[in-house]
Amino acid sequence: MTITLSAANRMITTGRQLARQRGLLPLTFCVLDRSGHIVSAQSEDGAALLHFDLAFAKAWGCVGLGHSTRYFKDVLVKQRPQAASGLEVLSRGRFIAEYGGVLVRDGTGDIIGAVGVAGDVDSNDESVAVAIIEAAGLKADLA
């Protein structure tokens, strides 16, 4: 199983609605399949230029290493800072250790992709990512 275009677009639509309800800054959403390919991406009006790169890096790091960006920031950066720096260099900027990148698992627990959200404070980015994954009937994995 993988994330379909229809599911990815529904997640992004839900994310935009949540962002407006919560009064967040303009967000950018990036939904990747389990191979790290873009399924869908959108930026809200007013989103900053680099928000796409941040959202993509958050999601790409998740599928690339099999962990959420919460794990990278809370565990890897604190316990092995040189490893985290090395991953940033090795990935040529496609990895970032900031909240907002969440793995997506199907009903059997298999990784089927990741969602990256950028534009507000990282805890808000992450909460929106979790909410839109769960709204799609999938499991958000913050480990």
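Modeller: Angles between axes of 65 to 115 degrees count as roughly perpendicular. Please note that this is a predicted model.

Biologist: Why are α3 and α4 called roughly perpendicular to each other?

Modeller: The helices α3 and α4 pack at an angle of about 110 degrees. That value lies within 65 to 115 degrees, so the pair is called roughly perpendicular. Their axes are 4 Å apart.

Biologist: Which residues form this contact?

Modeller: From α3, Leu76, Val77, Lys78 and Gln79 meet Pro81, Ala83, Ala84 and Leu87 of α4. By class, the contact has six nonpolar residues, one polar and one charged.

Biologist: How do you know that the span of helix α2 agrees with its number of residues?

Modeller: At 1.5 Å a residue, the 15 residues of α2 (residues 51-65) should span 21 Å. The C-alpha atoms at its ends are 21 Å apart, so the two values agree. Just after α2, glycine 66 has a positive phi of about 75 degrees.

Biologist: Against which elements do the buried residues of α2 pack?

Modeller: They pack against β1, β2, α3, β3, β4 and α5. Among these buried residues are His51, Ala55 and Phe56.

Biologist: What makes threonine 28 buried?

Modeller: Its relative accessible area is 0%, and buried means under 20%, so threonine 28 is buried. Threonine 28 is in strand β1 and touches residues including His51, Phe52 and Ala55.

Biologist: What makes the pairing of the side chains of threonine 28 and serine 43 a polar contact?

Modeller: The distance is 2.8 Å, and a polar contact requires a pair of N or O atoms within 3.5 Å. The pair is therefore counted as a polar contact.

Technical notes. Residues are numbered from 1 along each chain as its sequence is written. This is a predicted model: local features need pLDDT of at least 70, side-chain atom pairs count only at pLDDT 80 or more; totals for chains, interfaces and linings use all residues. Side-chain values use heavy atoms; hydrogens and water are left out. Helices (H or I, at least four residues) and strands (E, at least two) are DSSP runs, numbered from the N terminus. The expected span of a helix is 1.5 Å times one less than its number of residues. Buried means under 20% relative accessible area, exposed over 50%, partly exposed in between (1.4 Å probe, protein chains only). Contact means heavy atoms within 4.5 Å. Axes are lines fitted to C-alpha atoms, for helices over the stretch in contact, and angles run from 0 to 180 degrees between N-to-C directions. Angles under 35 degrees count as roughly parallel, over 145 as roughly antiparallel, 65 to 115 as roughly perpendicular and the rest as oblique. Ala, Val, Leu, Ile, Met, Phe, Trp, Tyr, Cys and Pro count as nonpolar, Asp, Glu, Lys and Arg as charged, and the others, Gly among them, as polar. A polar contact is a pair of N or O atoms within 3.5 Å; within protein, one must be able to donate a hydrogen and the other to accept it, and residues adjacent in sequence count only if both atoms are side-chain atoms. Lists of a residue's contacts leave out its neighbours within four places in sequence.
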